[in-house]
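Let's take a friendly tour of the charged side chains in this protein. Have the sequence and the 3D view at hand as you read.

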Amino acid sequence: MVTKPDVPADDPVKVAEFEARIANGESIEPKDWMPERYRKQLIRMMSQHAHSEIVGMLPEGNWITRAPSLRRKLSLIAKVQDEAGHGLYIYCGTETLGVDRHELVTQLLNGTAKYSSIFNYPTLSWADIGVIGWFVDGAAIVNQTVLAKASYGPYARAMIRVCKEENFHKRQGYEICSVLASGTPAQKAMVQDAVNRWWWPSLMMFGPSDKDSPNSADLLRWKIKRFSNDELRQRFVNLTVPQAMAIGLTLPDPDLRSDESGREWSFGEIDWTEFFEVVAGNGPCNKDRLAARNAAQNEGAWVRDAAEAFAAKHRERVAGAA
Ligand code: FAQ
């Protein structure tokens, strides 16, 4: 793994004490001393995570008006609302590191912040909503269950609640897929097509392979991450292949093979050129996603203005009464 030495060195004695706490399994809390690089890595990772939850509402939100029944509509609305809550919750967690949420949101809106590559793909059919729940929330659970043991307390605690909700989302998505997979030939074809389109981008969610992951060395040393990108990707593949088989769907990889135990699946080469293109802003929907977030920001200006005017009046009243 390569590292990025772009933050000034901290007092070595304090660093040694800090690392002893980490080695001891202690939780680091907002007011505790921490190396500047630890703080910066957390702000980077947590803000990207929060942005992902917020942008992640868009592909699914696109299907709320077209969900095929009232039951499906209600559960999709609830899911999208949950993702908004996760985003706000993680922005709060990031603020405990001394950064202003407005600064982070501005970076998202002006295109200088990253968010998960997966949300730059289009949702073409109802089956995509099932597959997002199954694959995307499924991948998020594999990643975030481990983050629930991260060394930074506010992030770890946020992940406990987030994972509980993601579990509902995954079950809901898998149920949509299983119903379609046992439906008419057209429904089965629709869900198979969605699986074919989302499989590889879902594997990319776990980030670049370990040898190309510049942040992993820091994150693993400080127990923010507990497993590498490739280890978690493998875990996701091992969990998901049997789930696909159970509902009669195939995964679009001719190189998928299990070992003798039947539990460990090797898989084909990921198209890393596609991944890096999407991360660089050139995926199928990057421009649409940023345009949608900017439109929401602009359309909400009157609400912020009204809240600000109300707060100013309240301050005046309080000052007048004093
Ligand atoms: N997309 O050195 P690494 C969800 C960037 S939430 C875009 O390996 P790291 C819920 C990375 O930032 C999904 N960029 O980085 C939901 C870095 O760039 P930088 C989000 C990516 O941090 C479900 C560079 O590449 N989950 O799905 C991606 O060690 C349904 C080098 O990478 C989280 O954020 C990517 N896929 O590992 C919502 C979980 N991968 O900053 C709605 C927390 C890497 O140096 C609907 N985050 N990059 O310029 C993590 O676990 C880690 O940050 C990783 C990346 C694993 C994502």
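## A network of charges

Four residues, Glu19, Arg37, Asp218 and Arg221, are joined to one another through a network of salt bridges. The model you are looking at is a predicted one, and a search through the whole structure turns up 20 salt bridges. Some individual pairs are worth a visit.

## Glu26 and Arg21

Here the side chains of Arg21 and Glu26 come together in a salt bridge, with 2.7 Å from N to O. How exposed are the two partners? Glu26 has a relative accessibility of 33%, so this residue counts as partly exposed. Arg21 is partly exposed as well, its relative accessible area being 24%.

## A pair within helix H2

Next, look at helix H2, which covers residues 36-55. The side chains of Glu36 and Arg39 form a salt bridge, at 3.6 Å from N to O. How far apart do Glu36 and Arg39 lie along helix H2? They are three residues apart, so about one helical turn separates them. Glu36 is partly exposed, with 28% relative accessibility.

## Neighbours in sequence

Is Lys211 buried or exposed? Lys211 counts as exposed because its relative accessibility is 61%, and the cut-off for that label is over 50%. Asp212, with a relative accessible area of 37%, is partly exposed.

Definitions and conventions. Residues numbered from 1 in each chain as written. Predicted model: local features only at pLDDT ≥ 70, side-chain atom pairs only at ≥ 80, totals over all residues. Heavy atoms only, no water. Buried < 20%, exposed > 50% of the residue type's maximum accessible area, 1.4 Å probe, protein only. Helix = DSSP H or I, 4+ residues; strand = E, 2+ residues; numbered from the N terminus.
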